[in-house]
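Thank you all for coming; please have the sequence and the structure open on your screens while I talk.

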Amino acid sequence: MAAASSSLPAETTRQPACELSGVTKAFGAVKAVDDVSLDVAASSLTCLIGPNGAGKSTLLGCISGLHLLDSGVVRIEGRDVTRWPPHRRARHGLATVFQTTRPLAELDVLDNAAVGAHVRSRTGFVESMLRPPWQWREQQRVREEAREALAVIGLEDRAAHPAAVLPLGQLRLLAIARALAQRPSVLLLDEPAAGLRAGEKAHLVEALRTLSRRGLTMVLVEHDMQFVGALAERVVVLDRGRVIADGTPAEVRNDPQVVTAYLGSTTL
């Protein structure tokens, strides 16, 4: 009789969703990201924090493909994507929400969210506007996925509204919904709570918790430490492009290097 353990999944060997090895990015003489190595576990929620100019957003850009590395390796679900452009990384399951929110103002909220789903469709967004009958079924699927993303983020009641009329906070939520419509395996978020009112932040916390429970891996940059404390399982602290602390929110808050880095700041 075979041992019962032979049929069990080897959880201990599960590969990280995102791996960074020796990632370095300089702008002129300034190393914005300096030899950063991190493994991000699948289905985890990791927050990157640090003083202004610490390299947080640049590191996110290195993962997304916005910045070409000077050295190092980026892997997504075990695959080396270091030299891949952003659109190829998106097709491999990586979605990114940047600080700047630029909706397609001539379209409604639903169609803006649907743009994300077209990353995985056989035809692009522009082609779908002139779709022949055989494409209708796919377009219906895209719109349903966009509606689901809006529901998760709390914008389903604005689906038919022009995107141009949304206030800043809701535009940020729309950008997240568009990323979710890609059905990514890894989601990068650059200051998602910026510009949100208290109620919108609370809803976003619940939405991100729900996505984490569903197995979505998330890495986010954030300055709002109350927001971070409500969400993060792991906090990675950067200063001058290097990792100076890595642990739970409570652990990094009491780390002497972190206290020194934030000295004189009210964000910690």
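What you see is a predicted model, in which local features need pLDDT of at least 70 and side-chain atom pairs count only at pLDDT 80 or more, while totals for chains, interfaces and linings use all residues. Residues are numbered from 1 along each chain as its sequence is written, and side-chain values use heavy atoms, with hydrogens and water left out.

Now the overall picture. The secondary structure comes to 10 helices and 10 strands. Of the 268 residues, 49% count as buried, where buried means under 20% relative accessible area, exposed means over 50%, and partly exposed is in between, with a 1.4 Å probe and protein chains only. If we take contacts between residues at least 6 apart in sequence, 64% of them join residues at least 24 apart.

Let us turn to the sheets, and remember that two strands pair if DSSP finds at least two bridges between them.

Leu 48 has Val 236 of β9 as its bridge partner, and Ile 49 stands opposite Val 237 in β9. On to the next pair: β9 and strand β10 (residues 242-247) pair in the antiparallel sense over 5 bridges, and here Val 237 has Ala 245 in β10 as its bridge partner. The hairpin of β9 and β10 has 2 residues between the strands, and in it Arg 240 takes a positive phi near 55°.

The other open sheet has 4 strands, in the order β2-β1-β4-β5, with antiparallel pairing. At its edges stand β2 (30-40) and β5 (79-80), each with a single partner strand, so one side of each is left without a neighbour in the sheet. Strand β4 (residues 71-76) pairs with β5 in the antiparallel sense over 2 bridges, and Ile 76 stands opposite Arg 79 in β5.

Which helix is largely enclosed by the rest of the structure? The helix is α1 (residues 56-64), because 8 of its 9 residues are buried; among them are Lys 56, Leu 59, Cys 62 and Ile 63. For the angles that follow, axes are lines fitted to C-alpha atoms, for helices over the stretch in contact, and angles run from 0 to 180 degrees between N-to-C directions. Helix α1 lies across β1 (18-27), β2 and β4, running at about 120° to β1. Just after α1, Gly 65 takes a positive phi of about 100°.

Next comes a pair of helices. Helix α6 (residues 168-180) and helix α7 (residues 198-213) pack at an angle of about 10°, with their axes 11 Å apart. They are therefore roughly parallel to each other, a label for angles under 35 degrees, whereas over 145 is roughly antiparallel, 65 to 115 roughly perpendicular and the rest oblique. On the α6 side, Gly 169, Gln 170, Leu 173, Ile 176 and Leu 180 meet Glu 200, Leu 204 and Leu 211 of α7.

My last topic is the interior. A nonpolar core is a set of buried Ala, Val, Leu, Ile, Met, Phe, Trp, Tyr and Cys residues joined through side-chain atoms within 4.5 Å. The largest such core has 53 residues, and those with the most contacts inside it are Leu 150, Leu 187, Leu 208 and Val 237. Its largest share, 8 residues, comes from α6. A second, separate core of 26 residues includes Val 33, Val 40, Val 74 and Leu 94.

Technical notes
Contact = heavy atoms within 4.5 Å.
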